[in-house]
Amino acid sequence: MSEVSDFFTKQSEMMGEQKPLVEGRLTRMVGLTMEALGLQVTVGDRCLIDDGTKKIEAQVVGFDAGKTYLMPLQPLVGLKSGAKVIPINQDEPLAIGDELLGRVVNGFGEPIDGKGPLTCRTHRSLDGEYINPLHREPIRQPLDVGIKAINAMLTVGRGQRLGLFAGSGVGKSVLLGMMTKFTEADITIVGLIGERGREVKEFIEDILGEEGLVRSVVVASPADDAPLLRLRASQYCTTIAEHFRAQGKNVLLLIDSLTRYAMAQREIALAIGEPPATKGYPPSVFAKIPQLVERAGNGEAGGGSITAFYTVLTEGDDQQDPVADSARAILDGHIVLNRAIAEQGHYPAIDIEQSISRAMPQVVDEVHLQTAQQFKQIFAKYRQNEDLITIGAYQKGSDPQLDQAILMVPQMKAFLQQSHKKAEPFKESLQQFVQAMQPPAPQKQPLKSGQKQAGGVRR
């Protein structure tokens, strides 16, 4: 946290004269919401709350009939009623630049990895830059993510935005780590938003590793951070990605998770009195999600790109969760991880039937697209009759298509599996994909006792 000195005057840009700041007083605090009287501030301004013994930074989130609502950016401990509320009135730009590569920072842009201070020469505001949708470069090039199931079946386009839908404990973090290390991108930005503090260290050391960290920037805001700081960290990730995109670079943005971002906004909205609308989520949550997501994507023609993956937590594997449903509508595709598949030891546990890449038809040829559709049809045919096959109720020859599926599914399942330590480049992924779609050679039936072999002599 940058040290905030006593700040009692500001320069008037219009009048060229000094004007005293209007200082307020803290009158009420319930939960995370603070009320102050006597302030002249706007929504989004930051204030310093000083009770003589402790100073805490807070942000203005609303107002009502002379009362100003604030929420803290730090833990609320020991504040007294009547504390001074001093407007800082500055949109402090955050550090941006190549110096961030290989570093782990918090939502304020401060390093938390113990590698010393940052000396970035470039700074940017958290607010994104508007790009006319008609000026954006269309998605036309495939992106190699190093995972053969995605490369072949759910081909990602450069500049696409996808959701990774998963419950807890189905390999979501491992899949993100694979993408971070294997994806063909110039820069990788990883946002760990609302995760357990233990998982932050484990992700960086065990999943991301030194190899992945070298060309990455990690922004961490654990679950015990204030909700405003979690929102800020998500926006900071996107701001860093926008900076590198403006330099013409191809950026991979991974935010884990979009659900925690939505929950942080829900905490803020409910605390200041916004009524809940859908399963406890206020309307502002569903306005915030597209505002964040739409900042990713391709830049203007000839510029860089941001290919983004947002994880979405489906509690109880409920795909109709309000956040999941909203994200599915705004994103360019979704990859669903299935708990039942993970329980079979099949990793990555991608449910091919429920997953889709909406940009795939624009980045692959017609033969590739048709082969992927055929793969899904054969796989779905088997899954629909899997119970009958398992208990032996299906009679071979009853359905020629199902007979073919029974023969091919084992090699198709083998194709969809991959070690988290091995990358599968795009070209090799397609070669293995074609091999997986080749019908297996018919197996020779063993000869029964006394049966005459063709061309042989009966003994």
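Which charged end sits over the ring of Y281? I looked this up and found R266, whose charged end lies 4.4 Å from the ring centre. I counted a charge as sitting over a ring if NZ of Lys or CZ of Arg is within 6 Å of the ring centre and within 35 degrees of the ring normal.

**Ground rules.** I am working on a predicted model, in which local features need pLDDT of at least 70 and side-chain atom pairs count only at pLDDT 80 or more, while totals for chains, interfaces and linings use all residues. Residues are numbered from 1 along each chain as its sequence is written, and side-chain values use heavy atoms, with hydrogens and water left out.

**Aromatic pairs.** I searched the whole structure and found 5 aromatic pairs. Rings of Phe, Tyr and Trp (its six-membered ring) pair if their centres lie within 6.5 Å; planes under 30 degrees apart count as stacked, over 60 as edge-to-face and the rest as tilted. The pair of F375 and F379 is stacked, because the ring centres are 6.1 Å apart and the planes are at 15 degrees. Both residues belong to helix α10 (residues 366-384), 4 residues apart, about one turn of the helix. Helices here are DSSP runs (H or I, at least four residues), as are strands (E, at least two), numbered from the N terminus.

I checked burial next: F375 and F379 are both buried. Buried means under 20% relative accessible area, exposed over 50%, and partly exposed in between (1.4 Å probe, protein chains only).

F375 also pairs with F433, and that pair is tilted, at 5.8 Å centre to centre and 40 degrees between the planes. This pair links distant parts of the chain, since F433 is in helix α13 (residues 426-436), 58 residues from F375. Ring pairs join F375, F379, F415 and F433 into a cluster.

**Helix α13.** I listed the buried residues of α13 as F426, S429, F433 and A436. They fall within an arc of 80 degrees seen down the helix axis, so they line one face of α13. The arc is taken from the directions from the helix axis to the C-beta atoms. K427 and Q435 are exposed on the other side of α13. Covering the buried residues, I noted β12 (142-143), α1 (148-153), α10 and α12 (400-416) among others. Contact means heavy atoms within 4.5 Å.

**Helices α2 and α3.** The axes of α2 (residues 172-182) and α3 (residues 197-213) come within 9 Å and cross at roughly 10 degrees. Axes are lines fitted to C-alpha atoms, for helices over the stretch in contact, and angles run from 0 to 180 degrees between N-to-C directions. The two helices are therefore roughly parallel. Angles under 35 degrees count as roughly parallel, over 145 as roughly antiparallel, 65 to 115 as roughly perpendicular and the rest as oblique.
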